[in-house]
Each structure stands twice: as structure tokens, then as C-alpha cells.
Amino acid sequence: MSWGTELWDQFDNLEKHTQWGIDILEKYIKFVKERTEIELSYAKQLRNLAKKYQPKKNSKEEEEYRYTACKAFLSTLNEMNDYAGQHEVISENMTSNITVELARYVQELKQERKSYFHDGRKAQQHIEICWKQLESSKRRFERDCKEADRAQQYFEKMDADINVTKADVEKARQQAQVRHQMAEDSKADYSSILQKFNHEQHEYYHTHIPNIFQKIQEMEERRIVRIGDSMKTYAEVDRQVIPIIGKCLDEIVKAAESIDQKNDSQLVIEAYKSGFEPPGDIEFEDYTQPMKRTVSDNSLSNSRGEGKPELKFGGKSKGKLWPFIKKNKGATPEDFSNLPPEQRRKKLQQKVDELNKEIQKEMDQRDAITKMKDVYLKNPQMGDPASLDHKLTEVSQNIEKLRLESQKFEAWLAEVEGRLPARSEQARRQSGMFDTQNPATVNNCAQDRESPDGSYTEEQSQEGEGKVLATDFDDEFDEEEPLPAIGTCKALYTFEGQNEGTISVVEGETLYVIEEDKGDGWTRIRRNEDEEGYVPTSYVEVYLDKNAKGAKTYI
């Protein structure tokens, strides 16, 4: 099966077919190129997607990635980056192994094809020239034969005519001989050219054209093999990244399997645990006592008797209900005293760590400047050492400033860490609650009064209204007859009572107790006739004195 023998007369069709083959190859190159662009675009979109959902540095979102579910998600984002990288590898390999190679091959193929068809056209032109020469010699031979025949007929006519001179007859005879000789020469020339043409024609159809067409066939077969190999490479490029993509997917599955719901639940406890104990039971307060008094009691005793229960109610309401009253949030104190003890300790420790990092950074900068200054001292041509003094002073001042700041927070941290272990676990948890300067945090204590959806119950609202009424009675009757002292107490720690119903105390101060802790973590104390309120029970050491119940002595 050879194009040279089977398609010897299909020169033009072969030329069209080979051009079509090159067009197919260029179309495949374009296909692969567009595939590489899609892979790059896909990889870019995957990277942008992963970047979009990456946690922002130094943000609350970054803290959320302590949870195993968030860590698994972060691992998924990282694996998506690697996944995108494999699609970039596909694009690069297809570009280098297919697009570039085939583009170069197409240029070589065009040159080779052009050369073969140039040789074919040259052979065609040669055989056409030979054919024209044959036709020319043939026509000349035919013309000379006709001229010789006419010359012979003219001689015979002149020879038969008796009126023609002998000289004319001889002339006609010589002319006929010349024409006859010319015909013989044309015949010989025609015969020679014919033999030559036949030889050339045989060479053309049996040697030159078969060889050229055979080379064109081999060229076309190489093109077909090459495009097949490129398709195999196309598949192999994809196959090479499958194991790595599989590893990426395995890592995502592994990350998903590492999710620990119990651990996440424990982290929630660590993040939001306040260390407080739930409030105790509220005692029943009997308001029917005034009804049992006799009609003979005077109006003063009645009014005083009716006022005392209300006064007591007001006092209890202050102690029990004020943590549940929502107030506007204020600015966060620098020492985080608005936070529960555990959360405060974590925040302080975090702040100390941040300051230490900043100090280390400034110290590294100072060391670098010092080394540079030493280099300038040894090599003055490199720079002026004095130019670094201002920067060195500035860095040293920053270090000192950061150290003072760190010492301040370390003192607060030591205060928190040193205070809590000194008492029982219950007292330690309770004490942190009353460092609060922000009522919003205190509201956490009202969890036992909230409905499942987080809203306050009707009971709380009613108690709040009772508190307002009781406060009015409290303000009215405190001036007439304050509650008697039932003992004394000594402040163990300083407490700033900035919330409604509380009183500020200074560490070491001695005050009177007028109502002991009823299980809600608060003790009511008095400093003088105008100053009384509640303080955390864990902040004071109480000395009850039964004999002092009726005392009305003030500090």
C-alpha cells in the first residue's frame, strides 16, 4: 500500500489532504491551549476561594480556629491550595509537553511538506517541458514531410513537362532532395525526442512521483502518530497528578475524622466559664404579718410595722435582683476587671504574652542597630555612627515603656492568680464575679432566670418591678429606722461598688454587717448612716455578734 503507486495521479488531492492534516494538528494544539487556560483559571479561583475563607490575622475569627471543626475546615482550605497547585501543574505540563512541542513540530511539518510538493511540481514542470519538446519535433517532422511530398510532386510535374528546360527540372529535383533530407532529419529528431520523453515519463511516473508521494505518506503517518502520542501525553499529565490530588482528598477526610465534638464542647467551657456558682434559693418572705396585728395598735406602730417588711423586701431585692438588671455597656477596663476571674486571667496572660513579644521585637531591633553602629565605628566610610543614636534612644524608650506596661499587667495577673487559690474553690469562683465593672458581664449570673431562648422570664420582670417599689420604700424608711447591726466584718480586698445597691470598701477596712449572706453571695454592710450596701461575701471576713443586734453605733 503506497501512495506513489496507488495515487500516482492524485497530486492535487494529496496536497489538499496534507494541508487538512496540518489544520487538524493546529486545531488540537488550540484545544490543549484552551484547556491549560481553563486549568489556570480554575486553580486561581480555587486559591482565591481558599484565601477568602482563611481566618484574618489578629481577629476574633482566628480565635475560633481553636475548635477541631474549624481546624478541619482550615485544613480543607490548605488542601484546596495544594489541590489548586496540581491543576497549575497540569497546565504547565500540557503547555511544555504538548502545546510547545506540537507548535514546533507543526512548523517543521509545514517546511517538510512544502519541500516535497516543491519537488513534485518541479518534476511536473520537467515532464511538461519534455512533452512540449516532443510535440514541437512532431509538428516539425509532420511539416517537413508535407514539404518534401510537395517538392517531389513538383519535380515529377516539371520532369513530365516537355516545355520546361532541363535546368528547371534539375533545380526541382534538387529542391525535392533537400526537402526529403529535411524530412529525414526531422524524423530522426522526432524519434530521438520521443525516446527521451518516454524515458522521462517512465522515470516521472515510476520513480520521481512514487518517491515524492512515499515521503509525503511517511510525513503524514508521522503526523498521525505524533497527534496520537500527544493525546496519550494529555491523559498521562492528568494521571500523574491523580495520586497527589488523592492525597489532598485523603487529608481532607483525615481532618474531618479528627473533629472531636467533646473537645470542642470543652473549649466552649474554657472560653465562657465564669467560675461563678448559681444563685441559691430565694427564701419565702411572709407579707401577711402586718395583717395579724390588732386594731388597737397606734398608727405610728402600724406604719412602722408595715414599713419594716417592705424595708426587708427592699433590702433583699437589692441583694438578689441587681445582677439581673440589664444596663448599658461601658468601656472595657484596662485590667479586664469586668470579666469573670477565669476569663480575666486568660486575657491578662494573653496581654502579657503580647507585650513580651513586642519587647523581644524591640530588643532585636536595638541589637541590630547596635551592631550597625559598631560597624560604622569600625568603618566610618559606611556611615555616621551618631546618626543611629536617635533611633537607638527611641527604641530603648519603647522597651522601657513596654516593660512598665508588662509589669502592670503582670501585677494584675499575679493578683488574680494569687488571690483565687487562697480560698475554697467555691469562694474563688464567686469572688471573680464581683470584680465586675461592667453590668453586661454580671448579667451572666441570671442564667437560672432565663428561658431556654435566652430571654428573661415574667417572674424576673415581676421581681424587677418589686425591686423598684422596694427601693422606694427603702429610701422612705431608712431615714426613720435603719436596720440594726448584727456583727462586724473586715474587708479582705478592695471592692469598687459602682453598680446599683453596692458599696465600695477598701482592703483592711472594718464595717458593720446588717444582713448576712442568704446564699446569693452578697453581704449587706454599713459604714455610717448614709452609706450602706452590698459587697461580695468572698471579699469580707464576717464576725457575727448576737449581742450586737440592737446596736446602732456607726463608724
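Biologist: Which residue meets the side chain of Arg 527 in a salt bridge?
Modeller: We're on a predicted model, where local features need pLDDT of at least 70 and side-chain atom pairs count only at pLDDT 80 or more, while totals for chains, interfaces and linings use all residues. Residues are numbered from 1 along each chain as its sequence is written, and side-chain values use heavy atoms, with hydrogens and water left out. A salt bridge needs a side-chain nitrogen of Lys or Arg within 4 Å of a carboxyl oxygen of Asp or Glu. At 2.7 Å, N to O, the partner of Arg 527 is Glu 509.

Biologist: How many residues apart are Arg 527 and Glu 509?
Modeller: Arg 527 sits in strand E3, and Glu 509 in the loop between strand E1 (487–491) and E2. Helices (H or I, at least four residues) and strands (E, at least two) are DSSP runs, numbered from the N terminus. This pair links distant parts of the chain, and the separation is 18 residues.

Biologist: Are Arg 527 and Glu 509 buried or exposed?
Modeller: Buried is under 20% relative accessible area, exposed is over 50%, and partly exposed is in between (1.4 Å probe, protein chains only). Arg 527 and Glu 509 get one label: buried.

Biologist: And how many of the seven residues of E3 are buried?
Modeller: E3 covers residues 522–528. The strand is largely enclosed by the rest of the structure, because its buried residues number six.

Biologist: What is the strand order in the open sheet?
Modeller: There are five strands with antiparallel pairing, where two strands pair if DSSP finds at least two bridges between them. The order is E4-E3-E2-E1-E5.

Biologist: Which strands stand at the edges of that sheet?
Modeller: Each edge strand has a single partner, so one side of it is left without a neighbour in the sheet. The two edge strands are E4 (531–536) and E5 (540–544).

Biologist: How many bridges join E3 to E4?
Modeller: A hairpin joins E3 to E4 through two residues. E3 and E4 run antiparallel, and the bridges between them number six.

Biologist: On the other side, which residue stands opposite Tyr 512 in E3?
Modeller: Strand E2 (residues 510–515) is joined to E3 by three bridges, again antiparallel. E2 and E3 form a hairpin with six residues between them, and Gly 519 in the turn has a positive phi of about 105°. Opposite Tyr 512 stands Arg 526.

Biologist: Which residues are linked with Arg 526 in a network of salt bridges?
Modeller: The structure holds 23 salt bridges. In this network, Arg 526 is linked with Glu 515, Arg 524 and Glu 532.

Biologist: Which residue meets the side chain of Glu 220 in a salt bridge?
Modeller: The two partners are three residues apart in helix H5 (residues 166–257), about one helical turn. At 2.5 Å, N to O, the partner of Glu 220 is Arg 223.

Biologist: What's the N to O value for Glu 101 and Arg 104?
Modeller: These two lie three residues apart in helix H4 (residues 68–160). Glu 101 is partly exposed at 29% relative accessible area, and Arg 104 is partly exposed at 41%. Their side chains meet in a salt bridge at 2.6 Å.

Biologist: How far from Asp 264 is the nearest side chain of opposite charge?
Modeller: Asp 264, in helix H6 (residues 261–272), is buried yet has no salt bridge. Lys and Arg count as positive and Asp and Glu as negative, with His and the chain ends not counted. The nearest opposite charge is on Lys 71, at 7.6 Å.

Biologist: How many residues does the largest nonpolar core have?
Modeller: Such a core is a set of buried Ala, Val, Leu, Ile, Met, Phe, Trp, Tyr and Cys residues joined through side-chain atoms within 4.5 Å. Among those with the most contacts inside it are Leu 25, Met 94 and Phe 213. The core's residue count is 40.

Biologist: Which element gives the most to this core?
Modeller: The elements giving two or more residues are helix H2 (11–52), H4 and H5. With 16 residues, the top contributor is H4.
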